[in-house]
Amino acid sequence: MAKFSRYLILLLLSACSPVNENSNSFANWMKQDDKIRVLTTTAIVQDLVEKIGGDEVKVISIIGKNQDPHSYEIVKGDGEKFAFADLVFANGLMLEHSGSMQYQLKHHENVCFLGDELFKKVPDEIITVNEQLDPHIWMDVSLWSKCIEIVLEKLSEKDPGHKEVYKKNAEEAKKEYALVDSEIKAKMDEIPLDKRYLVTSHDAFNYFVRRYFSPKDELENNFWRVRMQALQGLAPDEQISVLQIKEIVDHICKYDIEVIFPESNLSKDSLEKVKEACERRGRKIRLAKSTLYGDTLGGKSYLDMMVYDAKVLEDNL
Ligand SMILES: [Zn+2]
């Protein structure tokens with residue numbers, strides 16, 4: 001975009017924007033200075049880029065803190081953000097699968113799809129569900145930590161003058177991630193193995209369960225997959241069928257599951273239906289009072305969200 005039109009838009013923005021937290025941060029992001037403008041699709045990716053970029057980069061996220069990333073469609077104003085971004089980070093692995101989002105991502109000259117880069121580095125660690133790659137890679141802190149190197153490489157390439165700062169931030173982030181990863185592992189190890197079953201609204205917790213619920217032998221015999229069942233698949237945008245409810249109720253009865261977990265950004269209605277179906281079969285089950293964060297941070301930092309989820313599981317299982 002020509003410098004002149006950028007300047008005009010900046011003028012218009014400063015004249016018309018209402019004063020609130022979001023417009024302030026967007027206005028700051030648009031301000032002309034020597035910092036690079038980074039756009040991320042989700043708040044989870046934003047949290048990671050901010051950790052490594054520190055004070056040297058300005059980062060905003062397209063998808064709001066409680067919005068579903070799978071189905072998010074581009075709205076008025078998002079196109080401008082893409083136009084002004086020096087660098088874009090997306091989760092990738094088709095998490096952001098709406099047509100309008102894919103269009104923007106495919107037409108920006110500098111987009112990094114973290115999950116796809118991760119898949120090139122460690123293909124065996126990416127989970128496949130019904131022949132689709134599972135995009136919820138942040139749910140295993142040790143795996144998400146491997147994206148630090150990818151972000152570091154991209155930021156250093158775009159802004160070599162601050163390479164050393166990014167490197168230092170990345171080293172600190174790796175240590176912090178490793179600490180939280182081992183804390184969650186230790187916490188989940190305290191839950192009896194026969195209680196470590198997770199039933200949720202959609203299939204967001206496969207990485208969590210593989211990393212934190214399952215002993216080594218289950219990684220080889222694939223039993224860890226049984227520990228995670230959801231009503232809906234990798235994306236929560238399909239209609240729930242009677243058969244899906246029956247299958248999940250069968251699973252609950254077979255493994256003596258006592259509690260099911262709603263997710264913060266999804267309706268509890270479908271899980272209420274599961275509860276009713278269980279009761280009709282004479283099986284008592286409860287919905288956890290606290291919701292899990294699967295696809296959103298709800299205003300928390302990424303690591304706080306992971307620790308929070310672990311606490312909800314520890315308190316309820
Ligand atoms: Zn999801």
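**Close-up views of a predicted model**

**View 1. Strand β3 and its side chains.** From strand β3 (residues 87-90), L87 and F89 point one way while V88 and A90 point the other way, and all are buried, where buried means under 20% relative accessible area, exposed over 50% and partly exposed in between, with a 1.4 Å probe and protein chains only. In a regular strand the side chains alternate between the two faces of the sheet. Strands, like helices, are DSSP runs numbered from the N terminus, with at least two residues (E) for a strand and at least four (H or I) for a helix. This is a predicted model, in which local features need pLDDT of at least 70 and side-chain atom pairs count only at pLDDT 80 or more, while totals for chains, interfaces and linings use all residues. Residues are numbered from 1 along each chain as its sequence is written, and side-chain values use heavy atoms, with hydrogens and water left out.

**View 2. The open sheet around β3.** Four strands form an open sheet in the order β2-β1-β3-β4, with parallel pairing, and two strands count as paired if DSSP finds at least two bridges between them. The edge strands are β2 and β4, each of which pairs on one side only, and the twist from one strand to the next averages 20°. Strand β1 (residues 36-40) pairs with β3 in the parallel sense over three bridges, and L39 has V88 of β3 as its bridge partner. On β4 (residues 111-113), three bridges join the strand to β3, and the two run parallel; here the bridge partner of A90 is F113. Between β1 and β2 there are five bridges, again in the parallel sense, and V38 stands opposite V59 in β2.

View 3. Strand β3, helix α5 (residues 99-107) and strand β4 make a right-handed β-α-β unit; a crossover is called right-handed if, with the strands pointing away from the viewer, the path from the first strand over the helix to the second runs clockwise. Helix α6 (residues 114-121) lies across β3 and β4 and runs at about 55° to β4, whereas helix α8 (residues 147-158) lies across β1, β2, β3 and β4 and runs at about 170° to β3. For such angles, axes are lines fitted to C-alpha atoms, for helices over the stretch in contact, and the values run from 0 to 180 degrees between N-to-C directions.

**View 4. Helix α9 and two packing partners.** Helices α8 and α9 pack at an angle of about 170° with their axes 10 Å apart, and that makes α8 roughly antiparallel to α9. Contact, meaning heavy atoms within 4.5 Å, is made by residues including L152 and L155 of α8 and Y166 and A170 of α9. The axes of helix α3 (residues 43-53) and helix α9 (residues 163-189) come within 7 Å and cross at roughly 125°, so α3 and α9 are oblique to each other. Among the residues that make this contact are L48 and I52 of α3 and Y166 and A170 of α9. In these descriptions, angles under 35 degrees count as roughly parallel, over 145 as roughly antiparallel, 65 to 115 as roughly perpendicular and the rest as oblique.

View 5. H70 lies in the loop between β2 (57-61) and α4 (78-84) and D295 in the loop between β10 (286-287) and α14 (302-316), so the pair ties together parts that are 225 residues apart in sequence. H70 counts as buried at 1% relative accessibility, and D295 is buried with a relative accessible area of 4%.

**View 6. Two loop residues with positive phi.** L93, in the loop between β3 and α5, has a phi near 55°, a positive value in a residue other than glycine, and at 7% relative accessibility L93 counts as buried. D256, in the loop between α12 (242-254) and β9 (259-260), also is not a glycine and has a positive phi of about 55°, but D256 counts as partly exposed at 47% relative accessibility.
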